[in-house]
Amino acid sequence: MTILFSEAEDILDKSVNGKRLSTDEGVKLFSIKDITILGMAADTVCKKKHPEDYRTYIIDRNINYTNICTSGCKFCAFYKTDEHHDGYIITKDILFKKIEETMSLGGRQILMQGGLHPSLPLDYYVDLLQSIKREFDIHIHAFSPPEMVHFSKLQGIPVRDIIQRLKTAGLDSMPGGGAEILNDRCRNLLSPGKCTAQEWLDVMRESHNLGMKTTATMMFSHIETIEERIEHLEKIRRIQDETGGFTAFIAWTFQPKNTQLDPLLTSQYRDMGRIGSYDYLRTIAVTRLYLDNIPNIQASWVTQGAKIAQLSLKFGANDMGSTMIEENVVRATGVSYQMDKDEIEFLINDLGYEARQRDLYYQVF
Ligand code: SF4
């Protein structure tokens, strides 16, 4: 699709002036080849929402309590089957040491996610949360919607009751992982063992209705069309209109190496050629323009590296995400960027902003 310059200007003006974009207009944004004008519009909208003289980041650690998973997602290089000799379930000793280390580095939050383990009962997760809270004063951001749906099916308990039990045990907020693209054509190809798009959205609605904040995510640049990307954003925007429960939106590009999808991409999809920083930056700009009701957009240095993540702060993002003291899932695809607090602060300062540490609710300290 091509777009006239005047039409592109009209859509960007509309967004900059606080008017909501339609799905058609969202799709057209992707036809704007000059990403600098997209970036400038997204930066203007971002500055209106965040006139502060700082940009944020968080110190936390991504702890995977198990890598054993029944889902078999084709884009995942991290999981192991139940019988695999490298499969693990974390011990409390190791978990507590990781939390101690996180806190000694100034972290106040852990992100805890796992594979969809075939037999761990709900009591295991309840006990895990209760024991962490007994030992540490730390925010627990854990269990994405596919895990919640998996617990529910395994236990025969409604999702709402699962969330309520975990919340009572100490769960503070939920990560928006496992969204990939919220379209079942994509999900059936990528991750047929995982929850459907509707189930993902229903878990988020339930969590928000129970008073729990969550994030929302998108993993893109694989087999989805531009229309499906906008469909994903539209579904997130609608839930946010209903509940206001999403604190932030985080998008990252699919990393093919060591995954079952890599050969598929070679034969069928590689000509789409969308895996690059150009696509990443324009998508970040589009998310800022389209998701008018989500306050915070995160940069993804884990998949894009420090320099592109820094540029994202000029393309609509207002947050550098986490220092990720530990990250295992992207690393399993052979992509391994490292950043510490000093480097994140340098990148933010370099743009003329003060760097401030924040919590999940974007309160700075
Ligand atoms: S992405 Fe998550 S659910 Fe899918 S196979 Fe990997 S660990 Fe399992």
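Select Arg 237 and Glu 234: both lie in helix 10, 3 residues apart, about one turn of the helix. Helices here are DSSP runs of H or I with at least four residues, strands are runs of E with at least two, and both are numbered from the N terminus. The two side chains meet in a salt bridge, 3.0 Å from N to O; the term means a side-chain nitrogen of Lys or Arg within 4 Å of a carboxyl oxygen of Asp or Glu. Arg 237 is buried at 5% relative accessible area, and Glu 234 is buried at 13%. Buried means under 20%, exposed over 50%, and partly exposed in between, with a 1.4 Å probe and protein chains only.

This is a predicted model, where local features need pLDDT of at least 70, side-chain atom pairs count only at pLDDT 80 or more, and totals for chains, interfaces and linings use all residues. Residues are numbered from 1 along each chain as its sequence is written, and side-chain values use heavy atoms, with hydrogens and water left out.

Arg 205 is partly exposed at 23%, while Glu 242 is exposed at 51%.

Next, select Arg 165 and Asp 123, a salt bridge with its closest N and O atoms 3.2 Å apart. Arg 165 belongs to helix 7 (residues 159-169) and Asp 123 to helix 5 (residues 122-135).

Finish with Glu 224, Arg 229, Asp 279 and Arg 282, linked in a network of salt bridges.
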